[in-house]
Amino acid sequence: MNVTARSQDSTDIVLETHDLTVAYDKKPVLYGIDVAVTPGQLVGIMGPNGAGKSTLIKAIMGLLDPASGWIQIFGEPNTTQRKRVSYVPQRREVDWDFPVTVMDVVLMGRYGHLGLFRRPGKRDREIAMEALEKVNMIPYAGRQISNLSGGQQQRVFLARALAQEADLYLMDEPFVGVDAATESTIIQLLHDLRSNGKTILVVHHDLPTARNYFDSLLLLNMRMIAFGPVDEVFREDLLQRAYGGRLTILSEVAEEVGEKSKVDVSASS
Amino acid sequence: MVVKARFQMFAVVLLGALFLVPQTVEAAKISELVEVHVGEQFVRFFSFRDPAIRHILVGCFFMGINFGLLGTFVVVRKMALVGDTLSHAVLPGVAVGFLFTMSKEPWSILLGATLAGLLGTALVSWIKRSTKLKQDAALGMVLATFFALGVCIIKLIEGLPSVNKSGLDHFFYGQAAALGTGDLWMMGGTAVLACLLIALLYPPLLATSFDQVFARSVGLPERLLYHLLMFLLALATVVALQAVGALMVSAMLITPAATAYLLTKRLHTMLLIATVLAIVSGMLGAFFSFVGEGLVKHALPTGPSMALCAGAFFLLAFFFSPYHGFLFRWYRKFSQTRQITVENTLKAVYRAMELDRFKNEGIPVKSLASGARETLEATHKRLKLLVRDRLATLADDGDVVYLTPDGLQHASRVVRNHRLWELYLTNEADYDADHVHADAEKVEHILREEQVMQLERYLDYPEQDPHGKRIPSLRDTQRLPLKDLAGKEDADT
């Protein structure tokens with residue numbers, strides 16, 4: 001019975017979090033998030049600054065440890081599923097003067113599959129080239145990354161994620177600071193991924209475009225405000241709750257929790 | 001790009017050759033001879049004859065490998081100050097290691113120094129975590145305090161009676177001649193470890209250096225790799241102390257890697273170039289201090305002269321690097337300026353021809369000069385550029401200028417760019433017709449062929465610019481006899 005239940009889980013639910021609380025630098029940023037995402041969805045994660053959007057993604061990726069609750073991907077603990085999950089960090093988080101070419105960066109998408117000691121082979125190069133083709137960046141494959149525009153940088157990151165050949169994609173603000181051509185490339189790419197049965201979560205900032213871009217929205221402001229199809233979630237009252245008056249008492253308490261545990265640390269050491 | 005790659009190859013080979021030459025031309029020198037010329041000393045030094053000098057050179061070789069490889073990662077990970085701190089923080093460990101055996105026993109010094117280095121770096125991250133202070137302040141503080149402690153202990157030891165403390169000051173400025181066999185073994189061992197680590201783990205090291213967060217997200221052991229690098233860095237620093245000195249270690253660690261950073265766009269070539277530079281700087285530095293010693297008759301520290309050699313290579317790269325080099329940037333700017341002058345002159349000749357409906361091929365230089373409100377000499381100077389590029393010829397003692405077919409073609413292209421751009425600005429960007437000239441003056445030189453065709457399609461193949469002048473068509477910018485242009489000009493009116 002257990003076996004059937006498990007396989008049932010892994011086909012129905014791509015990502016599930018249960019009572020997920022995440023703290024950043026000892027200060028809770030997300031409280032008790034319960035989410036279950038079904039396959040083939042394009043989900044926008046939205047909320048004001050400091051709502052915990054990036055934190056949620058990082059927790060799902062296993063880059064931050066939850067303070068409580070759990071995260072499952074395809075019915076298994078998230079840290080065991082790294083090969084099936086792909087992450088697109090914010091563009092400004094790396095040094096774009098680093099001495100690597102576009103191709104080098106895209107090949108890094110294969111490293112998770114290669115392990116520590118294996119080098120990328122012919123097959124990996126082919127996959128990387130295909131990924132570059134999907135974002136129209138083949139002509140730039142040999143360029144050093146410092147010669148790229150913002151939109152091109154974003155496309156390189158997307159190509160690296162595509163090269164991972166994952167089933168679940170988590171993207172942190174891929175639309176920030178890109179040109180119109182890149183924006184439409186990204187949209188096209190997201191739609192292609194979705195029609196191949198992939199699931200995509202995108203942290204997004206811009207309310208007006210959100211409606212057209214996504215199937216579902218996850219409204220976040222330290223707590224989960226709403227999660228569901230765009231038509232149901234994109235409502236005045238829900239948006240007001242997410243963006244309007246912040247949960248003042250919650251954030252004040254979080255602040256104090258952070259302060260207190262810092263004092264604890266210095267007292268104990 | 002191919003040219004640049006060749007340039008790199010050439011530079012590397014050249015540096016390599018420079019270093020091999022003395023071995024092949026090696027004459028039958030006897031080391032007891034008193035050399036007079038620097039050249040002879042050079043041969044003696046690099047001929048591997050003298051066992052003491054062989055020690056020095058082998059030491060420099062291993063040290064160069066260590067510093068070139070690890071320095072590259074230090075530079076691209078923006079940890080230069082970390083390396084600097086490490087090299088200063090090991091000093092008290094050296095002193096305590098010495099106290100332990102009361103001699104320059106390499107193993108106890110290695111142990112003491114490594115422990116002190118690890119303690120220093122641990123202290124930095126502890127300060128960072130538990131106070132508001134940021135990394136740079138924590139590093140600076142630990143660096144200075146540990147170094148001060150080391151200086152105090154060493155000075156105390158030097159005051160002790162009946163201790164063989166000769167050469168303790170080498171740990172400040174370095175003395176490659178003092179390298180013992182034990183030191184060489186440790187340097188060699190570290191070099192083998194560093195090569196092994198980088199050869200085996202190059203892909204994950206590259207990924208974690210470029211994007212830590214992503215590397216962790218695909219499951220690479222980012223922290224482990226970082227600690228491995230730091231451990232090797234500590235080891236490389238400690239074993240090099242004797243040769244370079246605590247004060248100069250960071251120069252040898254960072255300068256060759258920083259130089260390589262200017263010369264390449266791939267991490268693996270950077271590793272190679274940094275290593276070669278570090279080896280060569282170390283050897284040349286040791287050589288110069290050896291020559292200087294002969295001149296001033298007392299031992300000179302090797303660390304500073306190695307650091308100076310590395311600095312000299314950096315200066316060379318700064319001026320001559322094909323990517324960021326000062327000279328190349330200057331040349332690029334110069335040739336751009338020249339190109340603009342050529343094109344503006346062509347345009348002036350074209351306008352003068354147009355003014356007279358292309359009836360005459362020759363344009364008097366005098367009218368060009370008065371049109372441009374400049375002296376005949378200045379106009380001549382500009383026209384000479386056209387002649388040199390075979391775009392025009394001067395006749396009648398330089399009084400009349402004729403455009404060659406190539407020149408006419410090029411001129412039509414520039415005028416076409418200019419007028420299309422003016423039209424685009426007035427039609428599509430709502431500029432007034434009298435506001436567009438200055439912008440078109442700049443843009444005409446940089447529009448690419450496909451952009452021009454795009455503009456033309458967009459403007460529906462226009463024939464006249466906003467001032468009512470004819471825009472040369474694509475056919476005009478290809479080879480055309482002059483009478484065709486004259487015919488068109490007449491047809492327009």
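Arg92(A) is exposed, because its relative accessible area is 67% and the cut-off for exposed is over 50%. This is a predicted model. Val94(B) sits at the other end of the scale: Val94(B) is buried, with a relative accessible area of 0%. The points below start with Arg92(A), then turn to chain B.

**Arg92(A)**
- Arg92(A) lies in a loop of chain A. That loop runs between strand 6 (85-88) and helix 3 (102-107) of chain A.
- Gln153(A) is 61 residues away from Arg92(A) in sequence. In space, their C-alpha atoms are 9.6 Å apart.

**Chain B as a whole**
- Chain B has 21 helices and 3 strands.
- Of the 493 residues in chain B, 49% are buried.
- Chain B exposes about 24,300 Å². Carbon and sulfur atoms supply 65% of that area.
- Take the contacts in chain B between residues at least 6 apart in sequence: 70% of them join residues at least 24 apart.

**Val94(B)**
- Val94(B) belongs to helix 5 of chain B.
- Why does Val94(B) count as buried? Its relative accessible area is 0%, and buried means under 20%.
- Which residues does Val94(B) touch, leaving aside its neighbours within four places in sequence? They are Ile109(B), Gly112(B), Ala113(B), Phe171(B) and Leu241(B).
- Leu168(B) is 74 residues from Val94(B) along the chain. Their C-alpha atoms are separated by 9.3 Å.

**Helix 4 of chain B**
- Helix 4 of chain B covers residues 80-89. It is mostly covered, with 8 of its 10 residues buried.
- The buried residues of helix 4 of chain B are Val82(B), Gly83(B), Asp84(B), Thr85(B), Leu86(B), Ser87(B), His88(B) and Ala89(B).
- What do these buried residues pack against? Their partners in chain B are helix 5 (91-101), helix 6 (106-130), helix 7 (135-159), helix 11 (222-244) and helix 12.

**Helix 3 meets helix 12 in chain B**
- Helix 3 (residues 51-76) and helix 12 (residues 249-263) of chain B have axes that come within 8 Å.
- The axes cross at roughly 65°, so helix 3 and helix 12 of chain B are roughly perpendicular to each other.
- Their crossing is right-handed.
- On the helix 3 side of chain B, the residues in contact include Met63(B), Phe67(B) and Leu70(B). On the helix 12 side of chain B, they include Val249(B), Met252(B) and Tyr261(B).
- The residues of this contact between helix 3 and helix 12 of chain B divide into 13 nonpolar, 2 polar and no charged.

Methods. Residues numbered from 1 in each chain as written. Chains lettered and ligands numbered in written order. Predicted model: local features only at pLDDT ≥ 70, side-chain atom pairs only at ≥ 80, totals over all residues. Heavy atoms only, no water. Helix = DSSP H or I, 4+ residues; strand = E, 2+ residues; numbered from the N terminus. Buried < 20%, exposed > 50% of the residue type's maximum accessible area, 1.4 Å probe, protein only. Contact = heavy atoms within 4.5 Å. Areas by Shrake-Rupley, 256 points an atom, 1.4 Å probe, with all protein chains shown as cover. Axes fitted to C-alpha atoms, helices over the stretch in contact; angles between N-to-C directions. Parallel < 35°, antiparallel > 145°, perpendicular 65-115°, else oblique. Left-handed = near helix turned anticlockwise from the far one by under 90°. Nonpolar A, V, L, I, M, F, W, Y, C, P; charged D, E, K, R; others polar.
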